[in-house]
Amino acid sequence: MIYFVRYGRKRLVKIGYSKGSPHDRIAVLQTGCPEPLELIGMLKGEPKDEAEWHRRFAHLRVRGEWFRWTSELSRAAKPHLKSTAMKRRAQVREELAAEIARL
């Protein structure tokens, strides 16, 4: 799975690969990070696909697998971000509805 993780309020995104759940990978990354990390997108892929994303956006690389989140990268990732964002909004709505029902 190829994933996109946003670093706090910064305009930095990690493009990574995980055999397992990207959520598990983010939990590991979060322990060494002072700001919240947020999974903003994912798509099916293998390490070779991750390498292609890295090659394509090498000019935006900050360090390692971290890239500047520019309009160029945003446009390329957009098809993979939308579904994740919609799922997250649905999850938030469900959580709010449950909380309201609880009150």
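Colleague: Leaving aside neighbours within four places in sequence, which residues is I15 in contact with?

Modeller: Contact means heavy atoms within 4.5 Å. Once neighbours within four places in sequence are set aside, I15 is in contact with I2, Y3, F4, E50, W53, H54, E65, F67 and L73. This is a predicted model, in which local features need pLDDT of at least 70, side-chain atom pairs count only at pLDDT 80 or more, and totals for chains, interfaces and linings use all residues. Residues are numbered from 1 along each chain as its sequence is written, and side-chain values use heavy atoms, with hydrogens and water left out.

Colleague: Which residues touch the most other members of the largest nonpolar core?

Modeller: In soluble globular proteins, nonpolar side chains tend to be buried together. A nonpolar core is a set of buried Ala, Val, Leu, Ile, Met, Phe, Trp, Tyr and Cys residues joined through side-chain atoms within 4.5 Å; buried means under 20% relative accessible area, exposed over 50%, and partly exposed in between, with a 1.4 Å probe and protein chains only. Here the largest core has 15 residues, and F4, I15, W53, F57, W69 and L73 touch the most other members. At least two residues each come from β1 (2-7), β2 (12-17), β3 (37-43) and α3 (71-102). The greatest contribution is that of α3, with 4 residues. V5, Y7, L37 and L39 are among the 8 residues of a second, separate core.

Colleague: Which residues are buried in helix α2, and why are they on the same side?

Modeller: Helices (H or I, at least four residues) and strands (E, at least two) are DSSP runs, numbered from the N terminus. In α2 (residues 47-56), E50, W53 and H54 are buried. They lie on the same side of α2 because they cover an arc of only 100 degrees around the axis, taken from the directions from the helix axis to the C-beta atoms. The face turned away from this buried side carries the exposed residues K48 and R55.

Colleague: How many helices and strands does the protein have?

Modeller: The protein has 3 helices and 5 strands, following the pattern β-β-α-β-α-β-β-α along the sequence. Of its 103 residues, 33% count as buried.
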